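Hello,

Here is the structure I said I would pass on. Please look at it first, then read my notes below.

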Amino acid sequence: MRAAIGEELGDGLRKRATHVGSIVWPVDVASALADLTEISSQVEAAVVVDAEGAVLASTIAEEPGTERLAVAGLALLEAATSRFGTSVRTVLQLEAALREGSIFVAREGGLAIVARTSAAPSSGLVLYDLRTCLRAAAEAEQKKPKPRSRRAKKTETADA
Amino acid sequence: MRKLLGLAMLVGGPLYLRRRREAGRERVQLHFDDGSSVTLADDAPDAQPLLALARRAL
């Protein structure tokens, strides 16, 4: 005798549900970074930081390496902005090309990404990939559920 | 045909060599939110502190 339809398709349905979930829910910052390193072979390492400079995700396993890349990248962006930025224009992205490799920094939507590449990369392509990653990360951060504020509840109670 | 090839090498050769030399040089390229951009060659005084910071990240 064959199994009931629910049992027979149980595994398949569960797999399908997981797949649908990955499409419906936005990717998280780490997934956006993983996609970046998969798409862009020139990117050796990358770190996403928020507006306060806190690391949200990194492709580097060791913390000192992550910190070094994030701190140096943000310092680079800050130095460039203070020297060349004006009230009218601000530095959105930059590339520092060295003989050993390049450092890219881009910012958008309150997030910034710092990436290290091999020497003489295709700058336009790398910057495009970084911006795509940042957009996905910013979207994920916006849609992330936030903890409920208790203050609003207290005010409501006080009003009642 | 031979003359045309010679002319192409005469014009294209120096351009290619110049591009290769430029690609090997260290530089900083800044892109602004208004669409403008600035490129600082390694001999520009403003480029040195930025390149030093980048070197720290590598």
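Arg107(A) stands opposite Ala112(A) in strand 5 of chain A. The model is predicted, so to speak of local features pLDDT must be at least 70, and side-chain atom pairs count only at pLDDT 80 or more, while totals for chains, interfaces and linings use all residues. Residues are numbered from 1 along each chain as its sequence is written, and chains are lettered from A and ligands numbered from 1 in the order in which they are written.

Strand 4 (residues 102-108) pairs with strand 5 of chain A in the antiparallel sense, over seven bridges. Strands here are DSSP runs of E with at least two residues, helices are runs of H or I with at least four, and both are numbered from the N terminus; two strands pair if DSSP finds at least two bridges between them. The two strands form a hairpin with two residues between them, and Gly109(A) in the turn has a positive phi of about 55°.

Strand 1 (residues 43-49) of chain A also runs antiparallel to strand 5, joined by six bridges. Val47(A) stands opposite Val114(A) there.

Why is strand 5 of chain A largely enclosed by the rest of the structure? Seven of the seven residues of strand 5 (residues 111-117) are buried, meaning that 20 or more other C-beta atoms, placed from the backbone, lie within 10 Å of a residue's own. In a regular strand, side chains alternate between the two faces of the sheet. In strand 5, Leu111(A) is among the buried residues on one side and Val114(A) among those on the other.

Of the 160 residues of chain A, 34% count as buried.

Regards

Key:
A residue is buried if 20 or more other C-beta atoms lie within 10 Å of its own, exposed if 12 or fewer, and partly exposed in between; C-beta atoms are placed from the backbone.
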